[in-house]
Amino acid sequence: MTTTPPPPPRPGPVSGRGPSDFETGLAASPQGVARFEAPRRTPLAGIQHLLHATPTLVPVIVLALSILVFGLIAGERFFSPFNLSLILQQVSIIGILAAAQSLIVLTAGIDLSVAAIMVLMSVVSGKLAITMGVPAPLALGASFALGTLAGMLNGLMVARLKLPPFIVTLGTWNIFFALNLWFSGAQSIRSQDIDAAAPLLKFFGNSFRVAGANITFGSILMVVIFAVLWYVLNRTAWGRHVYAIGDDKAAAELAGIRTDRVLVQVYALAGFICAIGAWAAIGRVGSISPQSFYEGNLQSITAVVIGGISLFGGRGSIMGALFGALIVGVFQSGLRLAGVDVLWQVFAIGWLIIIAVAIDQWIRKVSA
Amino acid sequence: MNREPILKARGLVKRYGRVTALDDCDFDLMPGEILAVIGDNGAGKSSLIKALSGAIAIDEGEITLDGQPVSFASPLAARDAGIETVYQTLALSPALSIVENMFMGREWRRPGLAGRWFRALDRDRMRAFARDKLSELGLMTIQNIDQPVETLSGGQRQGVAVARAAAFGSRVVILDEPTAALGVKESRRVLELILDVKSRGIPIILISHNMPHVFEVADRIHVHRLGRRLCVIDPREHSMSDAVAYMTGAKAPH
């Protein structure tokens, strides 16, 4: 389809080469191709543009506001260094899962199996180290390898078999959960047994005190994972390819990116992060229960969505997921300290999810 | 024209089931020229272009680049050989910046430890290079090289895609319908851009339905019909209505 009308056919050879007759009128028309003078914007449109450029701003503002509001309501008890560090501890496992989830959501996928992989891997390392007497470092190494493999299995089905990520991971969620029950015999491993046989498994439960705050190694691990992923996603070619795939997979492919390979790598990395999360979860919970974190899959998606990462892929910052997880933690802690029934905490989180997605849709409508 | 073609194809055949898209097709691109490829819908021009750019594997025939036989397993292989294609869809990632799009899939890393061990991108050097390439092609009305491609107009996006091809296409640049989605004024800019690229000595294959554009910039016109090359005409010696007549079979070339 052409936008220019065809000129009347001229008999004989075309004489002059250059712009066609119908274009002579162009000389009189304005010559600028496209200027970038900032159009006058209403304050609302200005905000929309700002958010489009910095998508992490929404969760940052919500986090700051919610800390402020709960600080005013619950006062000292909420604002104490101890309570703030407790929030960090409480969100650390879901935060790590959200980091893995973010990688996949950035490729326009979704992973319903992250928590299932994590729990399965904590059972694997626990069972190996405590029941079977494998040296703890070896048991952990095995769980990292298997976690990566589990993620890779998801990735292969998504990239090579072209199955929808939602369906693939819905399937593997069930598969991993069943394997977990089978391998653990539906039995928990008690805290004392871990202490006796392999205290290394509870490494991330250790903590130190700074100015009244109680910082666990697990909380630090979560922050380190986010920092490393931020670097990888924003400062390496591979990270930019992850964004490009989520943005427009066909375009990325034509631009020379091996999209299938990168997708498999993304899922495998997510599986690896889940396995690290498994180690941290043993420290956080103290024991190893095959029934734990059953809602972790959806909680990680909640953190990612509240963090402003678009479920349509390619947009948002991984740091958003950290803020998303923290917002959930702050709400839960604040509402509890304010004496509000647990059901209203769930109610509030529900609205947060819907509002976050509504804001994402609104930001995406911004045009040139 | 005594010189050897830079890109040559002989006896290309491509079948899709019972449909023969390319039927013993020949093709020649001379160094430094703009060769337009025209043909009616379904004539097989896009199959020809895909065969040359590595997007499809041919069933029979031979392609030589600079006299060397080549066979491209993927667009990536063709690109590594120096054949850059600007697809009609442009293959740009809308949410990523102009620089990121120009370097997509061939990013530069920082020298030393940061690049080798931490795989850090050399963002300053990539920005400088992209800025150079865009201003060489007179595209610096684009002010901020870090702005997302989705904030650009259609013509500017086309400009970015052409600049990307020209910056890295060492041997051949293929343009698929570069003006099809553009208005009159933006088309004019893109045509100037094409002539600019040509003046750098890079030969161009231009696929277009727009006869005035083809007749304006092309040095030779490859008329494609029924899966093969019907003839190659000189735009200075033939009229547009001749070309359309050949293309549709209303008239036989002499």
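1. Two strands are taken to pair if DSSP finds at least two bridges between them. On that basis, chain B of this predicted model holds an open sheet of six strands in the order 6-7-8-3-9-10, with mixed pairing.

2. The edges of the sheet are formed by strand 6 (83-86) and strand 10 (228-233) of chain B, each of which pairs on one side only. On average, neighbouring strands of the sheet are turned by 20° against each other, direction ignored.

3. Within the sheet, strand 3 (residues 34-39) and strand 9 (residues 220-225) of chain B pair in the parallel sense, over five bridges. Gly39(B) has His224(B), in strand 9, as its bridge partner.

4. Helix 6 (residues 154-168) of chain B packs on the sheet and touches strand 6 and strand 7 (172-176). The direction of helix 6 makes about 175° with that of strand 6. Helix 9 (residues 240-248) of chain B also packs on the sheet, where it touches strand 3, strand 9 and strand 10; its direction makes about 30° with that of strand 9.

5. Chain B contains nine helices and 10 strands in total. Its radius of gyration is 19 Å, close to the 18 Å given by the globule rule for 254 residues, so chain B is as compact as a globular protein of that length. Along the principal axes, the C-alpha atoms fill a box of roughly 60 × 40 × 35 Å.

6. Of the 254 residues in chain B, 56% are buried. The accessible surface comes to about 10500 Å², and 48% of this belongs to carbon and sulfur atoms. Among contacts between residues at least 6 apart in sequence, 66% join residues at least 24 apart.

How values were computed: Residues numbered from 1 in each chain as written. Chains lettered and ligands numbered in written order. Predicted model: local features only at pLDDT ≥ 70, side-chain atom pairs only at ≥ 80, totals over all residues. Heavy atoms only, no water. Helix = DSSP H or I, 4+ residues; strand = E, 2+ residues; numbered from the N terminus. Axes fitted to C-alpha atoms, helices over the stretch in contact; angles between N-to-C directions. Contact = heavy atoms within 4.5 Å. Rg over C-alpha atoms; globule rule 2.2 N^0.38 Å. Buried < 20%, exposed > 50% of the residue type's maximum accessible area, 1.4 Å probe, protein only. Areas by Shrake-Rupley, 256 points an atom, 1.4 Å probe, with all protein chains shown as cover.
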